[in-house]
Amino acid sequence: MKLIAPSLLSADFLNLERDIEMVNRSEADWFHCDVMDGRFVPNISYGIPVVQAIKKKAQKPLDVHLMIVEPEKYFEAFAKAGTDILTFHYEACNHIHRAVQQIKSLGLQAGVVLNPHTPVAVLEDIIGDLDLVLLMSVNPGFGGQQFIERTYEKIRQLRLMIEKQNAHALIEVDGGVNTQNAKALFEAGADVLVAGNAVFKAENPMETIRELKG
Ligand code: DX5
Ligand code: ZN
């Protein structure tokens, strides 16, 4: 699969509706929403009311990436706000299996996110339960950072694990994705690419989305 999820973190918050409509009209597949609490990551972005507002205009699924401590406390609120795919960090949760079941019981697709330092092997016993694995290819917290090259190897390892176990999880990559590395990332086995700066700081965002899709 080759999906593109523009990250609204890099959108113009004064013209969010305009930017959402651009994504609606484009070849992009999902809206990626980055929620940060200033505790799990050293930055604060936006929360439930903003996701709710995005949902009113978005004509494609909302992929909500929680970069918060105690994520399970907020699953229900994000479900009510209109989330379709909900991901939380492995490093922020002691009971991954329970949290995944919680998300599924709310009727959403469930995904786990791994920081750059977390090996994919930690997912061996949960991969069959996941709809999605999000590999961070930068340290979470900010848009516009440089892609970490080691991510290619992690994509390949994860692809192997998914095939071996006959699992259905999609592989999503987030951070530093651009028109130079998108093709190689899909070739390595990624299914979904998140792109913030590459899309919203581009001269022609719709054309850039088309190029990212390849
Ligand atoms: C970073 C976020 C990303 C971010 C990506 O913590 O998870 O989704 O928006 O931004 P770029 O594509 O600019 O690296
Ligand atoms: Zn993200």
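A salt bridge is taken here to be a side-chain nitrogen of Lys or Arg lying within 4 Å of a carboxyl oxygen of Asp or Glu. The model to which this criterion is applied is a predicted one, and it holds twelve salt bridges. One of them joins the side chains of R210 and E27, with a distance of 3.0 Å from N to O. This pair links distant parts of the chain, since R210 belongs to helix α8 (residues 205-213) while E27 sits in the loop between α1 (16-25) and β2, 183 residues apart.

The sheet is open and consists of eight strands with parallel pairing, arranged in the order β1-β8-β7-β6-β5-β4-β3-β2. Because β1 (3-6) and β2 stand at the edges with a single partner strand each, one side of each is left without a neighbour in the sheet. From one strand to the next, the twist averages 25 degrees.

Within this sheet, strand β5 (residues 109-114) pairs in the parallel sense with strand β6 (residues 132-136) over four bridges, and V112 stands opposite V133 in β6. Helix α4 (residues 96-105) packs on the sheet, where it touches β4 (85-89) and β5, and its direction makes about 145 degrees with that of β5.

Two or more lining residues come from each of β2 (31-36), β3 (62-67), β8 (192-195) and α7 (197-200). The make-up of the lining by class is as follows.

| Class of lining residue | Number in the largest pocket |
|---|---|
| Nonpolar | eleven residues |
| Polar | eleven residues |

Key:
Residues are numbered from 1 along each chain as its sequence is written. Chains are lettered from A and ligands numbered from 1 in the order in which they are written. This is a predicted model: local features need pLDDT of at least 70, side-chain atom pairs count only at pLDDT 80 or more; totals for chains, interfaces and linings use all residues. Side-chain values use heavy atoms; hydrogens and water are left out. Ala, Val, Leu, Ile, Met, Phe, Trp, Tyr, Cys and Pro count as nonpolar, Asp, Glu, Lys and Arg as charged, and the others, Gly among them, as polar. Two strands pair if DSSP finds at least two bridges between them. Axes are lines fitted to C-alpha atoms, for helices over the stretch in contact, and angles run from 0 to 180 degrees between N-to-C directions. Contact means heavy atoms within 4.5 Å.
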